[in-house]
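Dear colleague,

Please find below the structure that I am handing over to you. My notes on what was found in it follow directly after.

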Amino acid sequence: MAYLLQGRLPINQDLLLMQKGTMMRKVRSKSWKKLRFFRLQDDGMTVWHARQAGGRAKPSFSISDVDTVREGHESELLRNLAEEFPLEQGFTIVFHGRRSNLDLVANSVQEAQTWMQGLQLLVGFVTNMDQQERLDQWLSDWFQRGDKNQDGRMSFGEVQRLLHLMNVEMDQEYAFQLFQTADTSQSGTLEGEEFVEFYKSLTQRPEVQELFEKFSSDGQKLTLLEFVDFLQEEQKEGERASDLALELIDRYEPSESGKLRHVLSMDGFLGYLCSKDGDIFNPTCHPLYQDMTQPLNHYYINSSHNTYLVGDQLCGQSSVEGYIRALKRGCRCVEVDIWDGPSGEPIVYHGHTLTSRIPFKDVVAAIGQYAFQTSDYPVILSLENHCSWEQQEIIVRHLTEILGDQLLTTALDGQPPTQLPSPEDLRGKILVKGKKLMLEEEEEEPEAELEAEQEARLDLEAQLESEPQDLSPRSEDKKKKPKAILCPALSALVVYLKAVTFYSFTHSREHYHFYETSSFSETKAKSLIKEAGDEFVQHNAWQLSRVYPSGLRTDSSNYNPQEFWNAGCQMVAMNMQTAGLEMDLCDGLFRQNAGCGYVLKPDFLRDAQSSFHPERPISPFKAQTLIIQGVRAGGGLG
């Protein structure tokens, strides 16, 4: 089943060489490096691999899965093997979503260039496909995966294997019934259009059919007027529905005769619903449409928790890839846990766990490179500093030398600010959030000694909750070590986002400033919302808050961010490496406003005098009684 795309691909020497195949090393770690034969298939859209040329091959990836291709020096894994393989012979294939990167090393620089250039050409080709071509290619990809023996036909056994690959659970009898219906040639296999029909029956949506028949007088098509009714009633298109209906029929109706008669078939209707034009997302919210000149605390900020982790919280891998992926998806607040490392170089990892370590300077370099590829608006580095004075100075050197002018080191106008600057003011800037030495004008209150003792206790409780403790003698020794003194040079890099301990909303109002920010575990934040949700809303109207997942979520699972957004919490940190409903909600909120990572909060969550309580969103004094009139079976009104 090779679609017409093959005939539309440009004749290119790189692609021809890729279709002949190349032996390359597939690299997973310093110890796992194996030779594999990679070959671009004849359809020009899928790559298979085998242990050797002519060996039994299996699918490796589809071109539509590929996000980008990077040179060898951009891969932390390949950089670690630079003494073994020249970086010029290596390259990395980066996939959409959360699939792990594929690191490959060719036998020569020329072979690496052939694959890099060829893949980039094919990715550009796929990017420019229209809706129907994308669907055709998607079907072709699945057919290739299901056609185990590559004979261009699919037996029922291969169909069952395909359903398993697609994570589709289906009764075997029903699946066989669909298979027989699609097998119009009665050959016992599916090929070409037969597979397309099987796919259509497999993905038939009863609720879509019901919706279609609701507006269609004959159940076969939607006339122009019927489609206009649908656009007005269901899609709320209003007066523009008549003109829009003609445009959409011309765009999505596959039948030329249907286009001439201005009618929309079920296939055309489904094509429209699955397109950008039929997207539930309001297209007016796609571009940058919000006011970006308000103080930072007036915005929800796309935030990541333990950004360096690409797995679980106890034994997972730490990687700069976590920062690259987070920043490329629009994240604007990343977390960096920094500890003393060997040879005087600070390292990043989840302290007191078995997670792997990465050099702090590599993290800073990745942030500097990718911070503003997706969004120009400011990036916040939430530093968790556990380093000695000496290594704190190294932290400062790396931040200032690697980030250069990107790093914000002084107040914007050189004067003491009266409110937080706006995202617009801070375009292209990286801000440090962390502890800061006490300024003279912020001298402790009389109860400072008591507060300091309370702060130490709360810090310990927060650490016990946020980090599973390793109870080995080594960790006990660490606990006994005195707390490191904050280096003045690192303190000076904290300009607008000074991290402070939260005691109570009253204490914050009386003792804290707008440029100070507190962090809350999800447990503490939930408790505050329940007990004093209206005060939490008021607090978040003038000061930034960060919420992070409980330390009990060792599997890197996520909470529901909506609960904390409802209280106006700006930085609700997510484990971005973990897919699920919670991350879907996060992606959904930050999809708007050009995906810039900042979304303006509703006005009632920006008002420091707000009486809104997220647990009781409607005041009982404003409640109204509604009288519902129903339609009886006889047609009369109740």
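In the model, the span 170–205 is 58% helix and 0% strand, and its end C-alpha atoms lie 14 Å apart. Helices (H or I, at least four residues) and strands (E, at least two) are DSSP runs, numbered from the N terminus.

Two remarks on the basis of these notes. This is a predicted model, in which local features need pLDDT of at least 70 and side-chain atom pairs count only at pLDDT 80 or more, while totals for chains, interfaces and linings use all residues. Residues are numbered from 1 along each chain as its sequence is written, and side-chain values use heavy atoms, with hydrogens and water left out.

The sheet

Seven strands form an open antiparallel sheet in the order β4-β3-β2-β1-β7-β6-β5, where two strands pair if DSSP finds at least two bridges between them. Its edge strands, each pairing on one side only, are β4 (58–62) and β5 (66–71). From one strand to the next the twist averages 35 degrees. Axes here are lines fitted to C-alpha atoms, for helices over the stretch in contact, and angles run from 0 to 180 degrees between N-to-C directions.

Strands β1 and β2 form a hairpin with five residues between them and pair over six bridges. β1 also pairs with β7, over three bridges; there, Val 27 has Asp 103 of β7 as its bridge partner. Strand β6 (residues 90–95) is joined to β7 (residues 102–105) by four bridges, and Phe 91 is partnered by Leu 104 of β7.

Helix α4 (residues 109–127) lies across β1, β2, β3 (46–50), β4, β5 and β6, running at about 150 degrees to β5.

Thr 22

Which residue of β2 stands opposite Thr 22? It is Phe 38. Thr 22 lies in strand β1 and is buried, with a relative accessible area of 9%; buried means under 20%, exposed over 50% and partly exposed in between (1.4 Å probe, protein chains only). Its side chain makes a polar contact of 2.9 Å with that of Trp 115. A polar contact is a pair of N or O atoms within 3.5 Å; within protein, one must be able to donate a hydrogen and the other to accept it, and residues adjacent in sequence count only if both atoms are side-chain atoms.

Cores and helix α14

A nonpolar core is a set of buried Ala, Val, Leu, Ile, Met, Phe, Trp, Tyr and Cys residues joined through side-chain atoms within 4.5 Å. The largest has 64 residues, and Ile 367, Leu 381, Leu 399, Leu 490 and Phe 536 have the most contacts inside it. A second, separate core of 26 residues includes Leu 15, Phe 38, Trp 115 and Val 126.

Among the residues that Ile 367 touches are Tyr 323 and Leu 327, both of which are buried in α14. Helix α14 (residues 320–328) is largely enclosed by the rest of the structure, because seven of its nine residues are buried. Ser 319 caps the N-terminal end of α14, with a side-chain oxygen 2.9 Å from the backbone nitrogen of Glu 321. Just after the helix, Gly 330 takes a positive phi of about 100 degrees.

Yours sincerely

Conventions:
Contact = heavy atoms within 4.5 Å. Lists of a residue's contacts leave out its neighbours within four places in sequence.
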